[in-house]
Amino acid sequence: MTNDVRPATGPQKTRKISVIQDRNRATLAHFGGILGIIPSAAVFYVSRNNAPFAEQEAREAMNFTFVPSIALIVLWVLSFLPGIGNIAMVLGTLVWLFMAVASVRAGIEVNRGEPYSYRVNPRLLDRFYPTENAESTES
C-alpha cells in the first residue's frame, strides 16, 4: 500500500486589496443586481476574507436579490402557460424593474463609500448562513 497523505498546508494567506478596489467590487455587487443574484454571489465569493466592505455589500445585495430572482424564474416559467402567460410577463417585468432600480440606487450610494441597506430586504440568506461575527456573539 502506498501512503497518499499530503502535508498540511496551513492557513492560506489572503491578500488585502486597496480601498478603491474594495469599493469598486462593492459597487459592482449592487449594480449586478440588474441581472439577479449571480453577480453579487460572484463578488461575494471572490471578496471573502480579503475585501471586507465588498463582502458586506455583496452579502446585502445577495439577500436583496434572492427573492426577486426566484420570483423572476417562477414568473418566466408561468409565462409559457396559456391564459396567465401575459399576466406573468407583466409581473415579471415589474419585479425586474423594481430590482433594477433598487440595485442602481444602492450602487450609487456604495460608490460614494457609504454602506447601503435596502428598505425591503427579507435577509433569508442570513437566516440560513449567518455571518461569522453573529455566530461568535450568540454563544
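Student: Leaving aside neighbours within four places in sequence, which residues is serine 40 in contact with?
Tutor: This is a predicted model, where local features need pLDDT of at least 70, side-chain atom pairs count only at pLDDT 80 or more, and totals for chains, interfaces and linings use all residues. Residues are numbered from 1 along each chain as its sequence is written, and side-chain values use heavy atoms, without hydrogens and water. Contact means heavy atoms within 4.5 Å. By that test the partners of serine 40 are Ala29, Ala58, Ala61, Met62 and Thr65.

Student: Is serine 40 buried or exposed?
Tutor: Serine 40 lies in helix 2, residues 37–47. Helices are DSSP runs of H or I with at least four residues, numbered from the N terminus. Buried means under 20% relative accessible area, exposed over 50%, partly exposed in between (1.4 Å probe, protein chains only). Serine 40 has 0% relative accessibility, so it counts as buried.

Student: Where does helix 3 bend?
Tutor: Helix 3 covers residues 52–78. A bend is the angle between axes fitted to the seven residues ending at a residue and the seven starting there. Here it is about 35 degrees, with proline 68 following within four residues, and the site is threonine 65.

Student: Which helix has the lowest confidence in the chain?
Tutor: Confidence is pLDDT, given per residue by the predictor from 0 to 100. Helix 4 (residues 85–111) is highest, at a mean of 94. Where pLDDT is low, predicted coordinates should not be read in detail. The lowest mean, 52, belongs to helix 6.

Conventions: Helices (H or I, at least four residues) and strands (E, at least two) are DSSP runs, numbered from the N terminus. The expected span of a helix is 1.5 Å times one less than its number of residues.
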